[in-house]
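User: I would like to go through this model and ask, for each label, what it rests on. Please give the cut-offs as they come up.

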Amino acid sequence: MAFARLLLAHIHHLDIEDGVGVQAGAQVAVDELQLSGGQPAGEHAAGNAEARLPRSCAAAPACFVAGGDGRREVSGMKAYLVRRFLLMAPTLFGISLVCFLLTQFVPGGPVEQMISRIQHASGDKGRDASKVITPEEVENIKRYYGFDQPVHVRYLRWMGNVLRLDFGRSYTYGEPAWDVIKSKFPISLFFGLTSFILSYSVCIPLGLWKALKHRSGFDTGSSIVIFAGYVIPGFALGVLLLTFLGGGGYLDWFPLSGIVSDDWESFSFFGKVKDFLWHMTLPLICYMASEFAFLTLLMKNALLEEMSK
């Protein structure tokens, strides 16, 4: 009995961090109690031995399985999350710095655009800018856009405006940038949602059918079509579609430009929807052509891999 109590006291101080099993120690204590004859054998003895264990272990069975490896994994995950969180600040700083430098130092910036507009308006297009605009006027244009300030001052001022959601004025449209974003957002949302729905609703069944008809005529023909759409740039595909389907000399099936027709307001609700979709068909094809190949082949290869198991 004294030996069993000493062993249980020793179990209480075992280092769980090093992976020493407390449950194994408890079983040894039970065996010693049985041999000593001080307690009956069987489940009653095991229950008494468990009652002598530390209260924390008796109340929480997890202490029997918690080991150093598990705790080290948790601490490693916490360290990883902390590192990733700390990397967010320099990553955002780097992205903002690259965006700022691109808008400030790439040729064709706001100063050059303003000079070009003045040249065009004065009828002296093609002449040297110094012969149309005086150096003082060029400096005034730079001062208007803030290019007379040092780079770091311009960056800090630009970053402060961005944090306040003040994006300034658009160099191209001459309007507040936020108003331009809001006016273009519905079309961008339409293209994003429509391409997402159509891509998965078409590519998943197509990929499944290509996997079932692997190396057949349908598989080969569809692969040629989707790869052709993948390798052709969107703008080049747009020119081809307008030429052959947009009244560019062949079939006049779709309009050449615009989002809706000029008399769109006079249409009924379903007529407006039909007219809008009619104008969006060719742009959607150009927008989604490259996505079809990736998703279709991804689905096909995944199914072929499962079928080969």
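User: In which loop is Arg215 found?

Analyst: Arg215 sits in the loop between H10 and helix H11 (217-231). Helices here are DSSP runs of H or I with at least four residues, strands are runs of E with at least two, and both are numbered from the N terminus. The model is predicted, so local features need pLDDT of at least 70 and side-chain atom pairs pLDDT 80 or more, while totals for chains, interfaces and linings use all residues. Residues are numbered from 1 along each chain as its sequence is written, and side-chain values use heavy atoms, without hydrogens and water.

User: What makes Arg215 count as exposed?

Analyst: Its relative accessibility is 73%. Exposed means over 50% relative accessible area, buried means under 20%, and partly exposed is in between, with a 1.4 Å probe and protein chains only. Arg215 is therefore exposed.

User: What is the phi of Arg215?

Analyst: Phi of Arg215 is near 65 degrees, a positive value in a residue other than glycine. Most residues other than glycine have a negative phi. Leu165 also has a positive phi, of about 60 degrees, and is not a glycine. Leu165 lies in the loop between H9 and H10 and, at 58% relative accessibility, counts as exposed.

User: How many helices and strands does the chain have?

Analyst: The chain has 13 helices and zero strands. Of its 309 residues, 24% count as buried.

User: Why is Thr296 called buried?

Analyst: Thr296 has 0% relative accessibility, so it falls in the buried class. This residue belongs to helix H13. Neighbours within four places in sequence aside, Thr296 is in contact (heavy atoms within 4.5 Å) with Cys203, Leu206, Gly207, Lys210 and Ile226.

User: What makes Ser261 count as buried, given where this residue lies?

Analyst: Ser261 lies in the loop between H12 and H13. Its relative accessibility is 18%, so Ser261 counts as buried. With neighbours within four places left out, its contacts are Phe267, Asp275, Trp278 and His279.

User: Which residues make up the largest nonpolar core?

Analyst: The eight residues are Phe191, Cys203, Phe276, Met280, Leu284, Met288, Phe292 and Leu295. Such a core is a set of buried Ala, Val, Leu, Ile, Met, Phe, Trp, Tyr and Cys residues joined through side-chain atoms within 4.5 Å. Helix H10 (177-212) and H13 each give two or more residues to this core, and H13 has the largest share, with six. Another core lies apart from it and has seven residues, among them Leu237, Leu245, Phe254 and Cys286.

User: Which residues line the second largest pocket?

Analyst: They are Gly238, Leu241, Leu242, Pro255, Leu256, Ser257, Gly258, His279, Leu282, Pro283 and Cys286. A pocket is an open set of points on a 1 Å grid over the protein atoms alone, where a 1.4 Å probe fits, with protein on both sides within 12 Å along at least five of seven lines; a lining residue has an atom within 4 Å of a point. The space in this pocket is about 160 Å³, a volume being the space filled by probe spheres set on the points. H13 gives the most to the lining, with four residues. Cys286 in that lining counts as buried because its relative accessibility is 19%.

User: How many residues of that lining are nonpolar, polar and charged?

Analyst: Seven are nonpolar, four polar and none charged. Ala, Val, Leu, Ile, Met, Phe, Trp, Tyr, Cys and Pro count as nonpolar, Asp, Glu, Lys and Arg as charged, and the others, Gly among them, as polar.

User: What space lies in the largest pocket?

Analyst: About 840 Å³. Of its 28 lining residues, Tyr145, Phe167, Gly168, Arg169 and Tyr171 are the closest to the centre. The lining divides into twelve nonpolar, eleven polar and five charged residues.
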